[in-house]
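Please look over the sequence and the model below before reading on. The paragraphs after it are meant to be read with the structure open.

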Amino acid sequence: MKLLAILIFTTSLSISFAQRTLTIPLFDEPIKVDGVLDEKEWSKIEWQTNFTQDYPKTGEPCTRKTQFKMGYDNTSLYIGAILYDDKDSIFYTLSERDDFGNGDYFGVIIDPYQGGNNGFGYFVTAAGVRRDAYYFGEDADESWNAVWSSKTTKTDSAWILEIQIPFSAIRFPRKEVQTWNINFVRQIRRNRENAYWNPVDPKKFGLLNQFGLLEGIKGIKPPVRLSFSPYASTYARHYPNPNGKDWDFGYGLGMDLKYGITDAFTLDMTLVPDYTNVRTDDQVLNLTPFEVQFNENRQFFTEGMELYNIGEIFYSRRIGGRPLYFNSLEDNVQDTLGEHVSKNPGVAQLINATKLTGRTKQGTGIGLLNAVTNRTIGVISDTVGGARNYITDPWTNYNIFSISQNLPNNSVFSVMNSNVTREGDFYDANVSVIEGMYRNKKNSFALGASTKLSYLYSNNMDNSLGYSYGVLAAKTSGHVQGEISYSDVSDKFDINDLGFQYRNNQRSFYGEVGYYTFKKWKKFYRTRAVFNMSHTRLSTPDRPESFDLNLTFIGTYLNFMTASLSMNAKPFGEYDYYEPRFWGKKYFALPSINVGGWLSSDYSKVFAYDIRAFWRQYIHQNRFDITFYFSPRVRAGNMIFFVYEFNYNYAHNQEGYAFYPFDDLPDESVFGTRHNQTITNTLTMDFRFTNRMGVNLRVRHYWAQVKYNNFYLLQGDGRLEHMNYDGLDANGQSLHDINFNAFTIDFIYKWRFQPGSEISFVWKNSIYTSGNETGYNFFKNFGEMIMSPATNTLSIKILYYLDVLYFKKWCRKKKEV
């Protein structure tokens, strides 16, 4: 979200385009979606042409002739398009569904409620790969999936596309005459050219508010939207277990249900979901006082989540995530009795999840999400067969309720509440947020505000009430854009039971101004220069933390190489109140400056690459940080795609918390200077047999070495005093050095044998090692790591899509026969 204060700069006027209108007819005869366009219904319609570029040459005509027709019947919309180009210049690259890959594409985006905030997008590449997305505000939910059909063919001078979009795949108002906002887009990949039927001005804020009109649809009713997706799965897992059983087998039966309660609202349910085929998380060595945030890969929690992102208080990985007291089970082990942890599940079992989402024709969005997880039991065993059970996670109910009202000019007002209720005497949590954004008629300025409350309560603990609030002002269009904002988070504000929050107790001030160009200028297609500054303080008590200055230049050259140069400075150093791990203490980092940049070449080429390099130097100290990233990518024809990523991070004489203090110094923080090196190698291979079948292979090796040099006691002023301690045991081995490896392989075969239905086969391999021996070179470390015990999982899953509407049609035809 681009935000700005009132600044004394001149801005150029936006390009002015007249809104286009498309009137479509009702088809009398059926259309066969075969990419041929030979039905006589198509011959009755005039071609729509004259597409206008928004990139790279804003306002100029599309460089290749583009034409389409559109009509409808009682069940569906139909689009036929001819995309002219030289036969050998069209990119027919195959890719996974919802991924354009490196292909040319054509698509349509529909806003049935004409609010300018929400829409449905349907796109097809020249190779026939489908992508759909749900648009909301400035964002697009690419995990949203609908069931629709398309077919492409090619000639010597064009590729031809035919699309059928059932009305069941669109949410629209229940009225006799429909008027929708609509736009069509074409991308010519080799030119990185993006062109729209109704012109889009990139200097203006928003996309859906720059659409044309669709008229002519009459007499249609929102159809019954009820579908079932039952699944069956089975898996086998082999894992290292020195205490006994090392094989695990299982199966799963469950179902996803989707029901259109009204024309605007949809109920989604998942019963006994199975996520064994979800990609492995990228584990890292975490030396910070904060937890690591992982991406959500479960489709139920990625699709249609617009109304649950209000206020950023929802982190879906909490549901069915790590048990509440997973890390505490080890504390109950009695070593004198020979006890050990024999069972400690890493995730809580998700029993079911339900969400209700939708938006009325008045622009009122309502979201309701509920999920239940099973009780999780950890087991501590002894050497004589005894065992003790501990509840590491109780039965838990997660609930979210949200309301969001679209207002004129893309303004919005939203309210959301999240609640976590646990069985028995375990504590519960509640968080509420109210936020709003006002935009002027030209969508050039914005004002926003938000306030949040958190409440933790239980019969066995003192209740805790926290708050957070923020305000902002913005200029969001034109050549000059930017923002000013202020936020305050109290020391008791806590959303981590159903959200993700690194820390609380902070006040922050932020300001930004940037200059943007949108037309060709000298050797660039687009450029921007952005300066921002931020200042953070501890909220309670009021203490300084940091003051940052940042300057960034980004430009896209005429050969589509994008380059960036940036500088960050912390001129007064930085106070860290969390690194000491003891509240009331602080650590002071000396002033530093960070310089660097990145390059990204033209992805439409057979060979492309990304390079990123940064250097941070601390003042008056032999301390520096290096970051280097290199990622080449190769497309070996239209079916195979390789991406290799090398990521190197090195911190020389990094200062950080080392360990809990000695018995005679119980309230002291022991810090150390250390050389911290991480190397990550990732190889991804995507091989597509067809536009519905393919395999994806991802191999990742993460290696972290931490070697301590000296140890210090943290002083009251935040500085460090050297300790007479070498960190070695009686044999001269380091007690605190770390050598950590995470090696994973994810192999996924997927066949979408019909719309909404698929078969997947997944093999996952993982090795995790951790020790104190450092000084290995890369190859020796890798050799020892790869010989360590591994966990291997094989799983097969079959998902079948059943649409009640098509079943009713089938029954009707049977009766007619």
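Predicted model: local features only at pLDDT ≥ 70, side-chain atom pairs only at ≥ 80, totals over all residues.

Residues are numbered from 1 along each chain as its sequence is written, and side-chain values use heavy atoms, with hydrogens and water left out.

The protein contains three helices and 44 strands, these being DSSP runs numbered from the N terminus (H or I of at least four residues for helices, E of at least two for strands). Along the principal axes, the C-alpha trace spans about 90 × 70 × 55 Å. Of the 817 residues, 51% count as buried, that is, under 20% relative accessible area with a 1.4 Å probe and protein chains only, while exposed means over 50% and partly exposed lies in between. When contacts (heavy atoms within 4.5 Å) between residues at least 6 apart in sequence are considered, 63% of them join residues at least 24 apart.

In soluble globular proteins, nonpolar side chains tend to be buried together. A nonpolar core is here a set of buried Ala, Val, Leu, Ile, Met, Phe, Trp, Tyr and Cys residues joined through side-chain atoms within 4.5 Å. The largest one has 42 residues, and those touching the most other members are Met70, Leu77, Phe106, Tyr122, Ile170, Trp180 and Phe184. Among the elements that give two or more residues to this core are β3 (66–72), β4 (76–84), β5 (105–111) and β6 (118–125). Apart from it lies another core, of 25 residues, including Phe300, Phe314, Leu369 and Ala371.

Is Arg439 buried or exposed? Arg439, which lies in strand β24 (residues 428–439), counts as buried because its relative accessibility is 5%. Leaving aside neighbours within four places in sequence, Arg439 is in contact with residues including Glu138, Phe205, Phe445 and Thr476.

Glu330, by contrast, is exposed, with a relative accessible area of 52%, and lies in the loop between β16 (265–271) and β17 (340–343). Glu330 and Val341 are eleven residues apart in sequence, and their C-alpha atoms are 6.7 Å apart in space.
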